[in-house]
Amino acid sequence: MTRGKTRLQALIFDVDGTLADTERDGHRVAFNRAFAEAGLDWQWDPALYGRLLAVTGGKERIRHYVEHYRPDFRKPHHFDELVAQLHAAKTRHYTAMLREGAVRLRPGVGRLLEEARSRGLKLAIATTTTPDNVMALLAATLGPQGAAWFAEIGAGDVVPAKKPAPDIYHYVLARLGLPAAACLAFEDSENGLRAARTAGLKTVVTVNDYTRDQNYRGAVIVLDHFGEPDYPAHVLACALPLNGVEHVDLTLLERLHADA
Ligand code: XBP
Ligand code: MG
């Protein structure tokens, strides 16, 4: 149950791809709506979006797209303002989609959050996405009190450098007042894993279609999802010899925290 003297006290979750599959049918569609609304002929199809996901942060992703994919685009004088306006419109579309119920939690997420709460663990969020998006997702999936389940929500531009920089994890750990050794992180991407590992966190990875083939060296366990009793997860890699794991629960997490 313990690693040395350090007990597991908090679970820190990434949002996009980890709590919910938000990217292909959520963020991507909202970006495209914002571009169309602004009269731009930019269209991000699912395959292109997969490549653009290497850049974390929506504003950063738009800038990267213009630099690398639209050499034809004549940047206006106030390009930063255009990016900010497009991004604000994208957030408006995305949060509206969440309110309409376009996104659900990934398998096992609600169960695991409930179990952690009932066992007195703190919950926190460390994400590159915009705070409004996090609040809308939590309200749409966990109910109006959803955000209150989390002791800390670190999101978006609150730190200067986004993942794979560790800044957002350092920020959340400082706000929790806990050392990395008392926490576990949950991520779905190599960028996220690098951020959490650099901050000293043992990290659980659940992959998705966009991130399945990335490099997860250093993760304590890699699964396809957290699993439900009637919907087993598959372990893709693990730092411990485990047999018969079909879903992630607190008992497994305490073991990984202590021994992996
Ligand atoms: C996901 C991201 C975000 C979203 C878009 O990060 O990289 O940029 O794709 O959100 P994480 P914004 O998995 O760490 O949550 O447009 O609000 O940046
Ligand atoms: Mg993610």
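Thr 127 sits in strand 4, and in this predicted model it counts as buried, at 1% relative accessibility. Thr 127 is also among the residues that come nearest to ligand 1.

**Thr 127 and its surroundings**

- The side chain of Thr 127 reaches the backbone nitrogen of Thr 129, at 3.0 Å.
- Leaving out residues up to four places away in sequence, Thr 127 touches Asp 14, Val 15 and Asp 16, along with Val 134, Gly 154, Ala 155, Gly 156, Lys 163 and Ile 168.
- One of those contacts, Val 134, is a buried residue of helix 6.

**Around ligand 1**

- There are 19 residues around ligand 1, and the ones that come nearest are Gly 58, Lys 90, Thr 127, Thr 128 and Thr 130.
- Asp 14, which Thr 127 touches, puts a polar side-chain atom 2.7 Å from an oxygen atom of the ligand.
- Arg 61 also has a polar side-chain atom 2.7 Å from a ligand oxygen.
- For Glu 23, an N or O atom of the side chain is 2.8 Å from an oxygen atom of ligand 1.

**Nonpolar cores**

- Which residues touch the most other members of the largest nonpolar core? They are Leu 11, Phe 13, Phe 186 and Leu 253, in a core of 42 residues.
- At least two residues of this core come from each of strand 3 (10–13), helix 4, helix 5 (109–118), strand 4 (122–127), helix 6 (131–142), strand 6 (183–187), strand 8 (221–223) and helix 9 (250–259).
- Helix 6 gives the largest share, five residues.
- Leu 253 touches Leu 8, Leu 11, Leu 112, Leu 184, Phe 186, Val 204 and Val 248, once residues up to four places away in sequence are set aside.
- Another core, of 19 residues, lies apart from it and includes Ile 12, Ala 126, Val 159 and Ala 196.
- As a rule, nonpolar side chains in soluble globular proteins tend to be buried together.

- Helix 6 has 12 residues and reaches 16 Å from first C-alpha to last, close to the 16 Å expected at 1.5 Å a residue.
- Its buried residues are Asn 133, Val 134, Ala 136, Leu 137, Leu 138 and Leu 142.
- Those buried residues are covered by elements including helix 1 (23–37), helix 4, helix 5, strand 4 and strand 5.
- For background, most residues other than glycine have a negative phi, and most peptide bonds are trans.

**Loop residues**

- The peptide bond from Lys 163 to Pro 164 is cis, with omega near 15 degrees.
- Pro 164 is in the loop between strand 5 (152–155) and helix 7 (167–176), while Lys 163 is one of the residues that Thr 127 touches.
- Arg 70 lies in the loop between helix 3 (58–69) and helix 4.
- Is Arg 70 buried or exposed? Arg 70 is buried, because its relative accessible area is 15%, under the 20% cut-off.
- Its side chain makes a polar contact with the Tyr 65 side chain at 3.3 Å; beyond four places in sequence, Arg 70 touches Asp 41, Trp 42 and Tyr 65.
- Glu 246 is found in the loop between strand 9 (235–238) and helix 9 and is partly exposed, with a relative accessible area of 44%.
- Glu 246 and Leu 123 are 123 residues apart in sequence and 23 Å apart in space, C-alpha to C-alpha.

**Cysteines**

- How many disulfides does the structure hold? It holds zero.
- Cys 183 is in no disulfide, its nearest cysteine sulfur being that of Cys 238, 20 Å away.
- Cys 238 is likewise in no disulfide, with the sulfur of Cys 183 as its nearest.
- Cys 183 is buried, with a relative accessible area of 0%, whereas Cys 238 is partly exposed, at 28%.

Note on methods: Residues numbered from 1 in each chain as written. Chains lettered and ligands numbered in written order. Predicted model: local features only at pLDDT ≥ 70, side-chain atom pairs only at ≥ 80, totals over all residues. Heavy atoms only, no water. Disulfide = S-S within 2.5 Å. Buried < 20%, exposed > 50% of the residue type's maximum accessible area, 1.4 Å probe, protein only. Core = buried A, V, L, I, M, F, W, Y, C linked by side-chain atoms within 4.5 Å. Helix = DSSP H or I, 4+ residues; strand = E, 2+ residues; numbered from the N terminus. Contact = heavy atoms within 4.5 Å. Near = heavy atom within 4 Å. Polar contact = N/O pair within 3.5 Å; in protein donor to acceptor, adjacent residues only side chain to side chain. Expected span 1.5 Å × (residues − 1).
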